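Please take the sequence and the model below together. The paragraphs that follow walk through parts of the fold and the surroundings of a ligand.

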Amino acid sequence: MTDGMRTAGAAGGGAAAAGAGEAPLLELTGIGKDYGAVRALEGVSLTVRAGEITCVLGDNGAGKSTLIKIVSGLHRHDAGTYRIGGEEVVLGSPREALDRGIATVHQDLAVVPLMPVWRNFFLGSELTRGRGPLRRLDVRAMRATTRDALLRMGIDLHDVDRPIGTLSGGQRQCTAIARAVHFGAKVLVLDEPTAALGVKQAGVVLKYVAAARDAGLGVVLITHNPHHAHLVGDRFVLLKRGTMAGSHAREEISLEELTRQMAGGSELEQIGHELERASLRRRDPAPDGAPEPDGVPEPDGVPEPDEVPEPDGVLGPDGVLGPHGAPGSDGKQARGGGPGGGRNPGEGGR
Ligand SMILES: Nc1ncnc2c1ncn2[C@@H]1O[C@H](COP(=O)(O)OP(=O)(O)OP(=O)(O)O)[C@@H](O)[C@H]1O
Ligand SMILES: [Mg+2]
């Protein structure tokens with residue numbers, strides 16, 4: 001299926017083109033943030049447009065969550081400017097961000113596991129009927145709306161009465177994305193939505209991320225996985241120790257280069273050489289009676305090429321660095337759409 005994540009983006013491209021000339025949904029320029037003596041961000045810029053996915057990549061401690069906390073109103077920036085729809089703002093709370101159409105799906109998903117899917121879907125925005133003392137929850141409407149909203153995103157969940165805790169991590173992420181789209185978010189911020197997922201489930205979640213983009217939202221996707229980012233991203237912002245290490249449009253950077261930059265380029269090459277040397281030593285121990293070098297760690301945890309999991313037509317191997325971690329050196333690996341019953345993600349448009 002070649003009409004996977006990117007071809008569907010043609011619709012998103014249309015939305016972006018329609019928005020050309022308008023102010024971006026979000027524009028952060030030269031953002032700085034200190035936690036006491038710790039400088040978490042300095043001079044970071046990020047632009048989010050309708051119908052585009054902006055990926056924020058960086059290693060642990062790079063400042064991704066800090067940046068997203070500023071976007072979603074949890075923290076205030078100390079330097080730089082934050083504009084929403086062209087207007088400069090300093091957000092005081094997550095509620096303020098939500099009122100301006102910025103929905104954030106956190107990694108730990110604030111759900112109540114024992115409550116049904118529909119109940120979680122409407123948490124804090126419950127539908128009611130009747131007035132005064134006769135006012136009660138409109139359970140039937142909430143069930144039906146949840147089912148419809150999920151279906152519009154291509155998620156066919158037969159039983160919305162199931163406790164949300166019985167859904168898989170991927171299904172829960174998809175439900176959270178459908179919820180943001182349903183409640184009219186303009187910007188969807190996803191903090192590492194694929195971090196805890198297997199290859200297949202990550203593919204499914206990325207498909208719904210693409211569906212949100214095609215519904216016209218501006219999406220910020222935080223990840224440390226360049227494979228996931230490159231499958232769906234229109235723009236890539238790389239953070240390194242709180243500063244901008246790069247900002248590229250999709251056509252400017254291949255998956256291989258993105259992976260290389262993420263891993264710090266020469267650092268990755270150095271590790272590659274070390275692993276290669278260790279592996280040669282293992283295959284060809286002590287040539288010509290030369291003494292075994294002591295203290296060289298056995299590269300036990302390094303998978304041989306034929307142990308690397310199959311990419312399944314959707315994704316490259318999760319988090320694997322190095323040559324066999326970068327499918328398609330030209331960055332044009334197969335773009336599978338994952339399951340979804342042939343439903344057009346564009347139908348999710350509201
Ligand atoms: N509440 C805090 N108080 C003090 N320092 C903090 C706080 N939160 C984050 N930091 C520091 O700010 C820097 C950036 O952290 P941040 O959590 O934004 O990184 P990250 O890119 O999200 O990392 P990860 O991939 O591990 O989630 C780190 O050095 C971190 O130790
Ligand atoms: Mg983080």
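**Helix H6 and its surroundings**

The buried residues of H6 pack against strand E6 (102–105), helix H4 (117–121), helix H5 (139–152), strand E9 (187–191) and helix H7 (199–214). Contact here requires C-beta atoms, placed from the backbone, within 7 Å of each other. Helices (H or I, at least four residues) and strands (E, at least two) are DSSP runs, numbered from the N terminus. This is a predicted model, in which local features need pLDDT of at least 70 and side-chain atom pairs count only at pLDDT 80 or more, while totals for chains, interfaces and linings use all residues. Residues are numbered from 1 along each chain as its sequence is written, and chains are lettered from A and ligands numbered from 1 in the order in which they are written.

H6 itself covers residues 169–182, and its 14 residues reach 20 Å from the first C-alpha to the last. That is close to the expected 20 Å, the expected span being 1.5 Å times one less than the number of residues. Because 12 of the 14 residues are buried, H6 is largely enclosed by the rest of the structure. A residue is buried if 20 or more other C-beta atoms lie within 10 Å of its own, exposed if 12 or fewer, and partly exposed in between, with C-beta atoms placed from the backbone. Among the buried residues of H6 are Arg172, Arg179 and His182 as well as Ile177 and Val181. After H6 comes Gly184, with a positive phi near 80°.

E4 (residues 79–84) is joined to E5 by two bridges, and Arg83 has Glu88 in E5 as its bridge partner.

Another antiparallel pair consists of E11 (residues 235–240) and E12 (residues 243–249), with six bridges. Phe236 stands opposite His248 in E12. Two residues lie between the strands of this hairpin, where Arg241 takes a positive phi near 45°.

Which elements give two or more residues to the shell around ligand 1? The residues around this ligand, with a C-beta atom, placed from the backbone, within 6 Å of it, include Tyr35, Gly58, Lys64 and His224. E2 and helix H2 (64–71) are the elements that give two or more, and H2 supplies the largest share, three residues.

Key:
Pairing = 2+ DSSP bridges. Contact = placed C-beta atoms within 7 Å.
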